[in-house]
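Below are my notes on the model you sent. They are set out as numbered points, each on one topic.

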Amino acid sequence: MDLPGFFQWLEGTAGSVAIRESTLLYPIIETTHVLALCLFLGMIVLLDLRLTGAGLRAIAVSELAARLLPWAFAGFALMAVSGLLLFYSGPVRASRNIFFQIKMAMLMLAGGNALLFHMTIYRRVAAWDLDPMPPLRARLAGAASLLLWAGVVVCGRMQAYNWFDK
Amino acid sequence: MNLLPLFQWFEATALGTAVRESLWLFPVIECVHLLALALLGGTVLAVDLRLLGLGLRAQPVEGLARQMRPWFLAALCAIITTGIPMFLSEALKCYYSPPFWYKMSLLLAALAFAFTVRRRVISRGGPSMLCKLTAVVSLALWFGVGFSGRWIAFY
């Protein structure tokens with residue numbers, strides 16, 4: 001079975017139909033997805049503001065990362081579970097939607113950016129932990145993170161509109 | 001007091017009409033509204049978590065709040081500035097939407113609480129029970145604003 005065939009099958013499963021046709025379930029899942037944004041992106045933005053040197057300069061970078069990232073991960077888990085359920089409720093339309101496709105691509109880029117940051121410049125954070133203006137590579141990682149996650153949010157919101165649906 | 005004529009006037013404003021008649025204006029404004037929500041939520045959460053003894057525990061509450069304030073205010077400005085044209089474009093729908101009235105009531109309560117009780121607790125400190133209670137009330141109010149805001153689309 002190819003991917004479109006799989007999504008076709010998925011859309012016909014009882015769970016998918018149940019979410020799609022419920023009056024309360026769909027809004028509740030969607031509200032969870034939107035509000036978890038505060039927990040996930042809110043924490044990420046605070047760290048990125050520090051990384052770009054734009055704000056929170058009096059707090060050590062490692063302290064922000066250690067104290068805020070666990071909350072961001074909890075927010076991400078909420079977003080991922082609610083997001084998967086939203087996708088599950090209508091996989092055929094979502095998978096064909098250009099905004100959804102761009103969102104998934106940006107999501108992977110944002111993840112790659114975070115991974116790269118933690119494996120490279122963040123390894124040496126002790127050397128620049130208290131610098132009000134972090135090194136260029138950290139500033140770039142923070143700026144890329146802000147742009148990519150903003151793109152993910154924008155594409156996610158635009159997914160509701162079917163301007164370019166095939 | 002009948003507010004319906006006022007809401008009809010809101011709906012007929014040039015700004016409301018422009019947003020309503022444009023295909024892309026509402027979605028674009030909505031995106032900025034959402035991005036501002038993330039920042040607003042982040043700044044509120046960081047301080048409320050701290051009041052609960054979680055998150056940035058090593059930071060003094062007042063110093064943390066002082067560093068968050070400009071970002072909180074910027075996010076608040078952005079979210080209100082984007083909220084107004086969206087409201088104007090569908091003022092009549094809002095008039096008949098229960099979630100809209102819940103949202104506005106909770107927003108006023110959340111703002112009043114943030115600029116009075118919460119601000120005072122942050123600057124004066126106090127017993128940890130008071131700090132925790134303040135954080136819980138703040139989180140509950142803002143959660144209510146976000147929750148009912150999303151439900152304007154459904155009811």
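1. How many of the residues of chain A, in percent, count as buried? Of its 166 residues, 36% do. Please keep in mind that this is a predicted model.

2. Confidence. The scores for the model are ipTM 0.92 and pTM 0.93. In chain B the average pLDDT is 95, and 100% of the residues reach at least 70.

3. Make-up of chain A. The chain has seven helices and zero strands, so the order of elements from the N terminus on reads α-α-α-α-α-α-α. Along the principal axes, the C-alpha atoms of chain A fill a box of roughly 55 × 30 × 30 Å.

4. The side of chain A that touches chain B. Here 28 residues of chain A are in contact with 25 residues of chain B. Three helices of chain A each give two or more residues to this side: H3 (25–52), H4 (61–88) and H7 (136–158). H3(A) supplies the largest share, with 14 residues. Sorted by class, this side of chain A holds 21 nonpolar, three polar and four charged residues.

5. Helix packing in chain B. Helix H2 (residues 14–21) of chain B packs against helix H4 (residues 61–89) of chain B at an angle of about 80°, and the two axes are 7 Å apart. H2(B) is therefore roughly perpendicular to H4(B), because angles of 65 to 115 degrees count as such. On the H2(B) side the residues are Leu15(B), Gly16(B), Val19(B) and Arg20(B); they meet Pro85(B), Met86(B), Leu88(B) and Ser89(B) in H4(B). By class, the residues of this contact are five nonpolar, two polar and one charged.

6. Trp101(B). This residue lies in helix H6 (residues 98–124) of chain B. Is Trp101(B) buried, exposed or partly exposed? Trp101(B) counts as partly exposed because it has 14 C-beta neighbours inside 10 Å, whereas a buried residue would need 20 or more and an exposed one 12 or fewer. Between Trp101(B) and Leu111(B) there are 15 Å from C-alpha to C-alpha, and the two are ten residues apart in sequence.

Definitions and conventions. Residues are numbered from 1 along each chain as its sequence is written. Chains are lettered from A and ligands numbered from 1 in the order in which they are written. This is a predicted model: local features need pLDDT of at least 70, side-chain atom pairs count only at pLDDT 80 or more; totals for chains, interfaces and linings use all residues. Axes are lines fitted to C-alpha atoms, for helices over the stretch in contact, and angles run from 0 to 180 degrees between N-to-C directions. Helices (H or I, at least four residues) and strands (E, at least two) are DSSP runs, numbered from the N terminus. Angles under 35 degrees count as roughly parallel, over 145 as roughly antiparallel, 65 to 115 as roughly perpendicular and the rest as oblique. Two residues are in contact if their C-beta atoms, placed from the backbone, lie within 7 Å. Ala, Val, Leu, Ile, Met, Phe, Trp, Tyr, Cys and Pro count as nonpolar, Asp, Glu, Lys and Arg as charged, and the others, Gly among them, as polar. pLDDT is the predictor's confidence in each residue, from 0 to 100.
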